[in-house]
Amino acid sequence: MAVIGGGPRGTSVIERLIAQSVQLGEQAPLLDIHLIEPHEAGAGHIWRTDQSRLFLMNTPCLYPTVVPVGAHGTAASPLPLSFDTWRQRVKDGAILVGDADRQECSALGSADFPSRALYGRYLGWMFAELVRLAPPNVAVTQHRKEAIGIARAGEAADGGSGAPSWRIELDDGTHMEADDVVLALGHLPTALTPEQDTLRKAAADSAQYWPPAVPGDVPWHTLPAAEPVLVRGLGLNFFDAMITLTEGRGGRFSPGTGTRLKYEASGREPQLVAASRRGVPYRAKAVLDTYIPRSVVLRFCTTERVLAPARSGVQAGFDHDVWPLLHRDALWAYYSTLDRVEPHLREGSGGAFLTQLDDALAIDGPQWSGAVQGVVERWVPVIHRLVVQDLARPFTGRHFADSEEFTAAVLAHLDADAEGSSRGEDDPLKMMIGALNAGRSVIKQAVADGGISTASWHAELQGWFEPLVEGLASGPPPVRIAQLAALVRAGIVRFVGPDPRFGVDPDEGFFRAASPWVDGEPFSAPRLTEAMMPANRVAATTSPLLLSLLGQGIVRPRVFMADDGVPVASSGLDVTGPPYRAVDRSGSVQESLFVIGLQLSSVQWGTAIAAEAGAPLTAGGRTLLDADGIAAAILLHAGATDLG
């Protein structure tokens with residue numbers, strides 16, 4: 001068999017094959033596993049160990065794992081180490097790694113945010129140890145090459161249908177055959193959008209355009225000091241650009257007043273001009289010693305209630321059936337924290353506010369929302385009232401006289417966000433965000449494999465909720481927001497404004513960026529970089545392997561019908577239900593071709609999120625459940641082949 005892609009997902013599949021083989025004992029079939037991955041096995045491309053340690057994960061050490069840990073009702077892992085357990089063992093000297101990795105492990109606590117390079121070291125170490133611990137019936141071989149094509153072995157040989165086995169072409173011209181193939185492809189290159197391609201072509205002569213890319217692949221060192229650079233995107237990739245062009249060039253952050261930092265420039269920094277649709281960066285994580293705040297308990301958005309429609313045979317709608325439950329929990333997390341930390345707001349209420357709020361939230365049907373609004377208007381001053389959806393775009397409807405006024409508004413926003421993160425469990429807004437984060441795992445269960453209607457998936461879940469929750473709950477470590485604020489005060493970073501428009505000045509040949517909400521002259525710069533990953537869209541891929549599969553019709557994008565009756569390709573591949581076999585152009589199931597990870601975005605939500613240590617496999621550990629199901633199917637096929 002072949003696993004194409006040796007990052008976390010491919011590693012999890014191989015770990016599950018080994019674990020299930022150990023469980024089967026003498027009944028286990030012989031497995032000859034070939035991992036096709038041009039980078040280090042385990043780490044793969046995204047988590048490669050030679051990238052800058054300034055690039056941090058946006059989850060703390062206590063969160064991720066590549067193997068099941070704890071009791072999960074499946075084959076026990078031969079190496080049940082989450083990242084945090086591995087880190088602690090490195091710190092204690094029980095696991096030997098290089099000096100840089102050991103020093104970083106020693107400096108981290110469970111609630112701290114590690115570098116992506118260190119997480120890559122964990123993944124690589126785990127892969128090597130799993131292979132070492134494999135039983136005699138399992139052989140694992142890595143091919144440090146790229147797979148560029150797959151054909152049915154029978155068709156490749158004589159043009160006939162042949163057996164359902166595969167012939168894989170590698171980038172060195174060699175081929176190999178496999179009975180089963182797992183596509184664990186991860187992030188793939190994607191064609192530029194029409195707007196991006198226009199900017200690229202316009203920049204060909206006198207300017208420089210950098211398309212979406214993995215931050216570790218970008219030649220940041222080539223950007224000249226002191227010159228302006230337009231940076232589009234204020235998500236996680238922006239913070240990688242920000243830190244490598246400042247601290248990475250010799251600048252220094254030092255403590256300031258309160259949660260503020262000061263920045264001492266090295267003189268080698270470019271001038272960063274940042275822009276995004278919402279106009280502000282993702283909000284920072286709160287300072288916590290757990291992933292989900294201890295005070296957050298989902299009372300409404302529970303697994304039982306969210307899955308109730310599906311279990312009764314009804315296909316849910318996100319806005320109608322799911323969001324009202326999570327919305328209740330988000331409001332309770334906010335207002336109950338506000339009531340606790342701002343007691344002067346409830347003077348004279350005698351506890352009536354929370355009692356009335358609780359009663360209003362418990363109302364069945366759509367009347368609950370109006371009842372909650374009435375309670376809030378009765379007890380809460382306007383300045384403290386919360387409208388969750390408004391948080392997605394905090395400057396909606398506001399006009400600014402110039403970029404200086406807007407940048408000052410963003411700076412105030414950043415300082416408030418950093419201060420809120422420092423309060424941890426005592427910040428109402430961060431606890432509301434914690435409730436949204438807790439609800440994501442439950443929602444992932446509810447919407448997977450057709451749990452909500454296709455129209456609801458695209459118009460509601462992905463249309464408005466995903467951008468909201470990404471901007472609030474998927475943000476950087478708290479220190480990055482404080483550092484960004486310091487860079488704004490130091491004059492290193494400025495902001496364009498919401499809904500930015502980009503173009504090229506036909507006379508100067510420079511890029512221009514302006515916001516319809518910010519008056520004054522547009523920004524101009526000879527360089528524009530897209531601070532974002534290549535989009536996960538299989539229909540627009542430039543991956544030779546996926547183009548080969550699509551061209552032959554061995555796989556196809558999943559297509560849905562929009563409300564106006566027009567067919568639209570989803571971002572992922574068309575697959576069966578678990579264990580996710582590919583579906584070909586004619587609608588036939590490819591029994592021995594499996595898919596895991598990002599290309600399941602057609603049937604799962606949040607496929608890029610790592611498995612959560614200790615979480616149920618149906619929720620935060622879903623990717624491990626997917627790997628377990630694929631491994632079971634392959635072992636069943638291998639056993640039948642042996643018997644044949």
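Modeller: Let us begin with a definition: the angle between two helix axes runs from 0 to 180 degrees and is taken between their N-to-C directions, and an angle over 145 degrees counts as roughly antiparallel. Please keep in mind that what you see is a predicted model.

Biologist: What makes helix 10 roughly antiparallel to helix 11?

Modeller: The axes of helix 10, residues 352–361, and helix 11, residues 367–379, come within 8 Å and cross at roughly 170 degrees. The cut-off is 145 degrees, and therefore helix 10 is called roughly antiparallel to helix 11.

Biologist: Which residues of helix 10 and helix 11 meet?

Modeller: From helix 10 there are A352, F353, Q356, L357, A360 and L361, and they meet W368, A371, V372, V375, R378 and W379 of helix 11. Sorted by class, this contact has 10 nonpolar residues, one polar and one charged.

Biologist: Why is P29 called buried?

Modeller: A residue counts as buried when its relative accessible area is under 20%, and P29, with 5% relative accessibility, is therefore buried. The place of P29 is in the loop between helix 1 (8–24) and strand 2 (31–36).

Biologist: Why does I634 count as buried?

Modeller: The relative accessibility of I634 is 1%, so I634 counts as buried by that cut-off of 20%. I634 is found in helix 17, residues 622–643, and, leaving aside its neighbours within four places in sequence, I634 is in contact with M1, L17, D180, V182 and F594.

Biologist: Which helix gives the largest share of the lining of the second largest pocket?

Modeller: Helix 12 does, with six residues, and helix 9 (318–341), helix 12 (403–423) and helix 13 (428–447) each supply at least two residues of that lining. By class, the lining of the second largest pocket has 12 nonpolar, three polar and nine charged residues.

Conventions:
Residues numbered from 1 in each chain as written. Predicted model: local features only at pLDDT ≥ 70, side-chain atom pairs only at ≥ 80, totals over all residues. Heavy atoms only, no water. Helix = DSSP H or I, 4+ residues; strand = E, 2+ residues; numbered from the N terminus. Nonpolar A, V, L, I, M, F, W, Y, C, P; charged D, E, K, R; others polar. Parallel < 35°, antiparallel > 145°, perpendicular 65-115°, else oblique. Contact = heavy atoms within 4.5 Å. Buried < 20%, exposed > 50% of the residue type's maximum accessible area, 1.4 Å probe, protein only.
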